[in-house]
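Student: Could you walk me through this model before I set anything up with it? I'll ask as we go.

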Amino acid sequence: MSKRSGSGENKHSRKRAKTEEQVSADDSDTPKQDKKKSKKSYRQSANLNAVPQAEIDAFQEANLVEISDPLDKEQTLRPIITFEHMPDFDDALYEPLRSFSAPTPVQAATWPLLFSGRDVIGIAETGSGKTLAFGLPCLRKMVALKKKKTKPSHPTAVMLTPTRELAMQIHDQLEKYASPVGIKVTCIFGGVRKDEHRAALKTATVVVATPGRLKDLIGEGSVNLGKVKYLVLDEADRMLDKGFEQDIKEIIGTMPVSKRQTAMFTATWPPSVRNLAEGFTRDPAMITVGGKPSGDPRANTRIKQDVEVLSPYDKEQRLLQILGGLQKKAVTDRVLVFCLYKKEATRIERFIQSRGYKVAGIHGDLSQSDRFKSLDAFKSGTVPILVATDVAARGLDIPAVKTVINVTFPLTIEDYVHRIGRTGRAGAEGHAITFFTENDKTHSGALINVLKAANQNVPDSLMKFGTTVKKKQHGAYGAFFKDVESTKAATKITFDD
Ligand SMILES: Nc1ncnc2c1ncn2[C@@H]1O[C@H](COP(=O)(O)OP(=O)(O)OP(=O)(O)O)[C@@H](O)[C@H]1O
C-alpha cells in the first residue's frame, strides 16, 4: 500500500478530493448544455466515488501511472480500477469483458478521459491492453451516436495502424465488442482487391485501416472522412515518423477538427515525433504507465532479455543451437525470429527449414495471402517458428510466443522494444535473445540503457562497445518497417541489402 505523507495526504489525494464535486457540477448544467453533454459526457460511477482515496493512490503508485492533463491539473477523474466502476451503459457492450478479471492499468487510466471526450496520448508497455484502451471508448461513443442519421460511406471513427496484420488483429478484437451492439467495423489494407473495401465502406461506422490504401480510397471518392468523430493512431510514433507522416497529414486533413476526438497509443514515444503529435490533437491528456518516457524507451519488465555478443559468421550455428534447445521444451511454445532485411529473412527461413524444422516467413516481399497464411499457421501452431522482418515487430498479439530471437539488431532501439514485446504479453513471462555484433555497436549505449531500466544483466562484452547513446535520426526511425503495397513497386524505401 502507498505510504502517506505526514499530513495524511499525498498529491493524488488532494487532486482527487474534488472528484464528487466535479461529478455533481456536471449535473448542474443548464438543460441545453446537459442534453449536449449527456451524449458524450462521462459520469463517474457511485462505486468509484466510494473507493477510499488510499486505494486509488496505491493503484497509481504500484502501476507507475502518471497523468498530465493541461485542462484538469487537479486530476479529478479517478482510474477505473475494477469493472464494477464502469459507467452505466448498454451491458451488451461490456459483456465480453467478463473474460478478464480487471481493467489493465492503461485501460483504467485512459477510459475515464476517453469516455469524457478528451484527446489522449497513452504510453504503456507492449502487451498491456492498449487496443481495448482506445477501442472500448470508441465503440461506446459510436453506440451513443447511433441514432444520428449517417450518410453512406461516411464512417464516424477511424483507427490508423502501420501494418495489415495489425489492422486485421484490431478489427477482430473490436468485432467481439461491436457486433453485440450493432456497430459495423471494417478493415482496409493494401495488397488485396479494392472492390470489397468499397462495398464495406458504404455501411461501416468504424474503419480500421493502413494509411496507403485508405488514402487511395479517399482519393477516388469511395470514402469521406468529413464526419469522423473519433480518430486513433495506434503505434502512434510509427504513424508519425517520416515513413507515414505525409499520408497521415493528408488523411487527417480530410477530417473535421473541432468535433473530432483523437487518441494516440504506443509503447515508445521518441522525442522526434512529439511536436507533430501536438498538431493533430487538442489539449491532449498524456498518460504514461510504467514510468515517464525519457530519451530511451522502456521494455516490458516481465521479459528476460539476453544479449549475446558474437561474430556475424557464428549467428546461424548459434541460432540452431538455441532452436534445438527450445524444441526439447513444450511443443506449443512459439519462437519468433527477427531479421532486418527481407533477403536475410528468406535466407534464414530456408536455412532453418533445411535443418528439419517447420518454419514460416513474414516480410514485405510476400503476397498478402502468403503473409496471412504464415501468420495463421504460426498462430494455430502448425508451424512453431516464424521468421519475420520488422513488419511483425509491432502490435501482433500471439500469446503462445515464449521466445523472440533477434538474429540481426533492428535499426532503432524502439523497434527492439517492440520486437521483444511480442512475448511476455497480458501479464505473462517471456524471453528475448539478441545477437549483437561489431556491426551493431552504434546501438550499444541505447541497448544498455534499456537493459538497465528493466533490471536485466548487461554482459561485459556489450559494455565494451561503449555506453554513449547516439542521437536518433528522424529519417531512420522505423524506416525498415514501412508496409509497402505488394501490388505496387516500393517507391520510398528499398528494403534489400
Ligand atoms: N483487462 C484485461 N485483462 C487481461 N487481458 C487483457 C485485458 N485487456 C486486454 N487483454 C489482452 O492482453 C493482450 C494484449 O493486448 P493488446 O494487444 O491490446 O496489447 P498492446 O498494449 O496493444 O500491445 P502492443 O504495444 O504490443 O501493441 C491481448 O491478448 C488482450 O486480449
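Student: What covers the buried residues of α13?

Tutor: The cover over the buried residues of α13 includes β3 (157-160), α11 (211-219), β6 (230-234), α12 (236-240) and α14 (274-280), where contact means heavy atoms within 4.5 Å. Helices (H or I, at least four residues) and strands (E, at least two) are DSSP runs numbered from the N terminus. Bear in mind that this is a predicted model, in which local features need pLDDT of at least 70 and side-chain atom pairs count only at pLDDT 80 or more, while totals for chains, interfaces and linings use all residues. Residues are numbered from 1 along each chain as its sequence is written, and side-chain values use heavy atoms, with hydrogens and water left out.

Student: Which residues of α13 are the buried ones?

Tutor: Helix α13 spans residues 242-252, and its buried residues are Gly243, Phe244, Glu245, Asp247, Ile248, Ile251 and Ile252. Buried means under 20% relative accessible area, exposed means over 50%, and partly exposed is in between, with a 1.4 Å probe and protein chains only.

Student: And what caps the N-terminal end of α13?

Tutor: Asp241 does, with a side-chain oxygen 2.8 Å from the backbone nitrogen of Gly243. A polar contact here is a pair of N or O atoms within 3.5 Å; within protein, one must be able to donate a hydrogen and the other to accept it, and residues adjacent in sequence count only if both atoms are side-chain atoms.

Student: Switching to the ligand, which residues come nearest?

Tutor: There are 18 residues around the ligand, and Gly127, Lys130, Thr131, Asp397 and Arg425 come nearest; a residue is near a molecule or strand if one of its heavy atoms lies within 4 Å of it. By class, this shell has four nonpolar, eight polar and six charged residues, where Ala, Val, Leu, Ile, Met, Phe, Trp, Tyr, Cys and Pro count as nonpolar, Asp, Glu, Lys and Arg as charged, and the others, Gly among them, as polar.

Student: Where do the shell residues come from, in terms of domains?

Tutor: The shell draws at least three residues from each of domain 1 (46-289) and domain 2 (303-464), with bounds that come from an automatic or database domain assignment. The centres of the two domains, taken over C-alpha atoms, are separated by 29 Å, and the contact takes 19 residues from domain 1 and 17 residues from domain 2.

Student: How many helices and strands are there overall?

Tutor: The protein has 20 helices and 14 strands.

Student: What does Leu336 touch?

Tutor: Leaving aside neighbours within four places in sequence, Leu336 is in contact with Phe378, Leu386, Ala388, Val401, Thr403, Val404, Ile405 and Arg422. Leu336 lies in strand β10 (residues 334-338) and is buried, with a relative accessible area of 4%.

Student: Is Ile56 buried or exposed?

Tutor: Ile56 counts as buried, at 0% relative accessibility, and lies in helix α5. From C-alpha to C-alpha, Ile56 and Pro79 are 7.4 Å apart in space, although 23 residues apart in sequence. As for what follows α5, Leu64 has a positive phi, near 50°.
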